[in-house]
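Here are some notes to read alongside the model. Have the structure open and follow the points in order.

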Amino acid sequence: MKKIGITIIKSIGFFLGWAILVSILPLSSSKEQVIWRLWAEITPLLAIAVFTLIFWLAEKKNVELHLFDNPVKGIVLGVITGIVWLAIPVLVMYVAKIIHFDGTNLINLFPIWLLAVFLNTIMQELLVRGYLYQMLKQKHNIIVATIVTTILFTALHGGAFEAGVIPVLNVLTMSLLMTAVLEYSGSIIAPIIMHFLWNGIGALVLGGVSLADDYPNLFVTTFTGNDILSGGICKIEGSIIVLIVNVVLIALFIFLQKKKM
């Protein structure tokens, strides 16, 4: 019980400490929206980097973070899996005439918007699958680490609970998929790239994935038809097609991991 209590205190301290630091860090005063958003993504990333370092040092560097292990494998796997992960639902929706492209928007400073998305995905993955996941895995086991971090990841996307069961299941299985990829690749690099491609292309380009309200999207897209297939107000992230793809990819990476062992 003492071990469990210490783990709970560490987990709560890590998350709450990060949240408190984020809340007190200053926001940008820039009137340029993209600069404001970039700084809004930099501050939580800096906060999680600080708390990761503090807790890692407090553990006397005994928790292996796997931040930069197998970089080539991580990049290649992340790019391929990320593209497949998003492309299949989008292609199915396009062929089924669920998704429609009605034009394009002009986005000033698009690369900076893309950088903001990238920083946001690094922050989320470090928060969920960085120190916290590795500490729980080392102190307990992979099942405990997966359950706790999946609950945290799902809670961070709380808007899905207002949209229905399928959006919640999609968020939950997305987290499980990135955890499976983390275990298979041995590095957090692959999940970061996957997550970035999902948000960067899915949101900034296609306008079918939810980010903060001020993020623009390049294509003007509409989703029509049955909400179960089209995702309703959640668009791509609310579609049962995504749920099926998630489950298939999870099963694939679990199989590959067992085969590797």
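1. Start with the side chains of Arg-37 and Glu-41, which meet in a salt bridge at 3.3 Å, N to O. A salt bridge here is a side-chain nitrogen of Lys or Arg within 4 Å of a carboxyl oxygen of Asp or Glu. Both residues sit in helix α2, four residues apart, so about one helical turn separates them. Helices are DSSP runs (H or I, at least four residues), numbered from the N terminus.

2. Before going further, a word on what you're looking at: this is a predicted model, where local features need pLDDT of at least 70 and side-chain atom pairs count only at pLDDT 80 or more, while totals for chains, interfaces and linings use all residues. Residues are numbered from 1 along each chain as its sequence is written, and side-chain values use heavy atoms, with hydrogens and water left out.

3. Are Arg-37 and Glu-41 buried or exposed? Arg-37 is buried at 12% relative accessible area, and Glu-41 also counts as buried, at 5%. The cut-offs are under 20% for buried, over 50% for exposed and partly exposed in between (1.4 Å probe, protein chains only).

4. The structure holds six salt bridges. One of them joins Lys-10 to Glu-59, with the closest N and O atoms 2.6 Å apart. Lys-10 lies in helix α1 and Glu-59 in the loop between α2 (33–58) and α3 (71–95), so this pair ties together parts that are 49 residues apart in sequence. Lys-10 is partly exposed at 22%, whereas Glu-59 is buried at 8%.

5. Now look at the other partner of this loop residue. Glu-59 also forms a salt bridge with Lys-139, the closest N and O atoms being 3.4 Å apart. That links distant parts of the chain, 80 residues apart: Glu-59 in the loop between α2 and α3, and Lys-139 in helix α5 (residues 131–139). Lys-139 is partly exposed, with 25% relative accessible area. Put together, Lys-10, Glu-59 and Lys-139 are linked in a network of salt bridges.

6. Last, the surface. Ile-4, Ile-8, Ile-12, Leu-16, Ile-20 and Ile-24 form a nonpolar patch there, with about 570 Å² of accessible area together. Patches take residues with over 30% relative accessible area and no salt bridge, joining like charges within 9 Å and nonpolar side chains (Val, Leu, Ile, Met, Phe, Trp, Tyr) within 5 Å. The areas come from the Shrake-Rupley method with a 1.4 Å probe, and for residues only the protein chains shown count as cover. Take Ile-8: this residue is in helix α1 (residues 2–24) and is partly exposed at 44%.

Technical notes: Helix = DSSP H or I, 4+ residues; strand = E, 2+ residues; numbered from the N terminus.
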